[in-house]
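Here is a short note to read beside the structure. Please keep the view open and find each element as it comes up.

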Amino acid sequence: MATAASPHALLVQNPNRFFKSCFVNNPITTFTIPSNATSMRSNKPLTITCVTQVQDRSTQISQSQERVFNFAAGPAILPEKVLRKAESEVYIWRDSGMSVMEMSHRGKEFLSIIEKAEGDLRKLLNIPSDYSVLFLQGGATTQFAAIPLNLCKPDDPVDYLVTGSWGDKAFKEAQKFCKANVIWSGKSDKYTKIPSFESLEQNPDAKYLHICANETIHGVEFKSYPTPKNKNGILVADMSSNFCSKPVDVSKFGLIYAGAQKNVGPSGVTIVIVRKDLIGNAQPITPVMLDYKTHADNNSLYNTPPCYGIYMCGLVFDHLLEQGGLEAVQKNNMKKAEILYNTIDGSGGFYRCPVEKSVRSLMNVPFTLERSDLEAEFIKEAAKEKMVQLKGHRSVGGMRASIYNAMPLAGVEKLVAFMKNFQARHA
Ligand SMILES: Cc1ncc(COP(=O)(O)O)c(C=O)c1O
């Protein structure tokens, strides 16, 4: 509840402006006119209380007119319904009398939030009970070091399959902590392919095999997963940009990690799903905050976690379950990706996606224009029509449309209509 200050003068001098100022952004407004008020035109002072109440907009219709379609690669679009829900709870969460941002991370309210978030994520991904779920900080980038520090000794060999820039960064960091080896790199093909798994020359002694399940910059996505040759080997996947975009058989992996800021929440939360028997063997030099045992033993509450980010992830998980879980989410994602790739492929070369068809990402769609001199104009015109963040990563250029879970079909339909219109005007 908020009370507007001294409305009397404004009401008397300019009634239209008075009512507008009360109603704008405040759909529920009540006025109390005291019983001694006889006439608005009288010269007597009049006390009017204008009480405005912020409506719980989580119940309102989705995708408001003020919002753009945000095609950013991350931080990225969040479901409108989730934002509305957070908006309605930001000041006071349930009956706690405070915001989630103000809560003790050890209090019963926040414990209920993190436990529900974990429970819902377990339901979504059908995570087996012999896996821990950790809510961490430091981004996926921190995991590039934490993984070798936790999973192997300095002399252990490990394999990296490098299908894009993120896999390459993960490899380079791992080199500092173990004997990391690239068994295949797509660099010479500008990261547009994934090799056949049979052709991979895996080290039979490799402690783990690392992949990046979806390369955010290059738009290359694994549709199935390789099996480590070492029978005790562990498959490790960076799923930052396709986490919770489709069902995944978690039991095939020793460890899955993901930054939240693409599909499941704001930046600041990193989720690690790790088989329990892999915890507790960290190298002695491992900082306490990078040791999975620290976090597993303390249910992600060893130190102050990113509480608000975890709360937001929880709202997203709840929302994904409400939508019917990850099968339904995947179906929706496939439909969006299909219409976008069809538009690119059907453009007669005006638009081009360099990625091999069988491994094209459902999440990040890179494309170029035959006439690269039109790219700046394309981005400018799209932005005017409220479609933003379509510029490709600075390392590859061109365009990139990230169409994560929260991007509505209407957003992709609007983009393809714009693309066709742009082509008609410029071909
Ligand atoms: C696939 C992938 N891995 C790792 C990262 C790095 O994540 P962070 O910035 O959270 O450290 C990103 C960031 O975009 C990414 O897309």
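How many bridges join S14 to strand S15?

1. Two bridges join S14 to S15, which covers residues 364–369, and these strands run antiparallel. One of the residues to look for is Arg352, whose bridge partner in S15 is Thr368. Please keep in mind that this is a predicted model.

2. The pair belongs to an open sheet of three strands, in the order S14-S15-S17, with antiparallel pairing. S14 (351–352) and S17 (399–402) stand at the edges and have a single partner strand each, so one side of each is left without a neighbour in the sheet.

3. The protein has eleven helices and 17 strands. Of its 427 residues, 40% count as buried. Among contacts between residues at least 6 apart in sequence, 68% join residues at least 24 apart.

4. Is strand S5 (residues 131–136) mostly covered or mostly open? S5 is mostly covered, with six of its six residues buried. In a regular strand the side chains alternate between the two faces of the sheet. In S5 both faces are covered: Tyr131, Val133 and Phe135 are buried on one side, and Ser132, Leu134 and Leu136 are buried on the other.

5. S5 also has a pairing to check. Six bridges link S5 with strand S13 (residues 270–275) in the antiparallel sense. Leu136, for example, has Thr270 as its bridge partner in S13.

6. Helix H6 (residues 165–174) has these buried residues: Trp166, Gly167, Ala170, Phe171 and Ala174. Why do they line one face of the helix? Seen down the axis of H6, the buried residues fall within an arc of 140°, so they line one face. As background, an α-helix has 3.6 residues a turn, so residues three or four places apart point the same way.

7. Next, look at what lies over the buried residues of H6. The cover includes helix H5, together with strands S6 (157–162), S7 (179–185), S8 (208–212), S9 (214–215) and S11 (234–238).

8. Last, the ligand. The residues around the ligand are Gly74, Gly139, Ala140, Thr141, Trp166, Cys212, Thr216, Asp238, Ser240, Ser241 and Gly259. Which helix gives the largest share of this shell? Helix H5 (residues 139–151) does, with three residues. By type, the shell divides into three nonpolar, seven polar and one charged. Trp166 is in the shell around the ligand, and Trp166 is also among the buried residues of H6.

Definitions and conventions: Residues are numbered from 1 along each chain as its sequence is written. This is a predicted model: local features need pLDDT of at least 70, side-chain atom pairs count only at pLDDT 80 or more; totals for chains, interfaces and linings use all residues. A residue is near a molecule or strand if its C-beta atom, placed from the backbone, lies within 6 Å of it. Helices (H or I, at least four residues) and strands (E, at least two) are DSSP runs, numbered from the N terminus. Ala, Val, Leu, Ile, Met, Phe, Trp, Tyr, Cys and Pro count as nonpolar, Asp, Glu, Lys and Arg as charged, and the others, Gly among them, as polar. A residue is buried if 20 or more other C-beta atoms lie within 10 Å of its own, exposed if 12 or fewer, and partly exposed in between; C-beta atoms are placed from the backbone. The arc is that of the directions from the helix axis to the C-beta atoms. Two residues are in contact if their C-beta atoms, placed from the backbone, lie within 7 Å. Two strands pair if DSSP finds at least two bridges between them.
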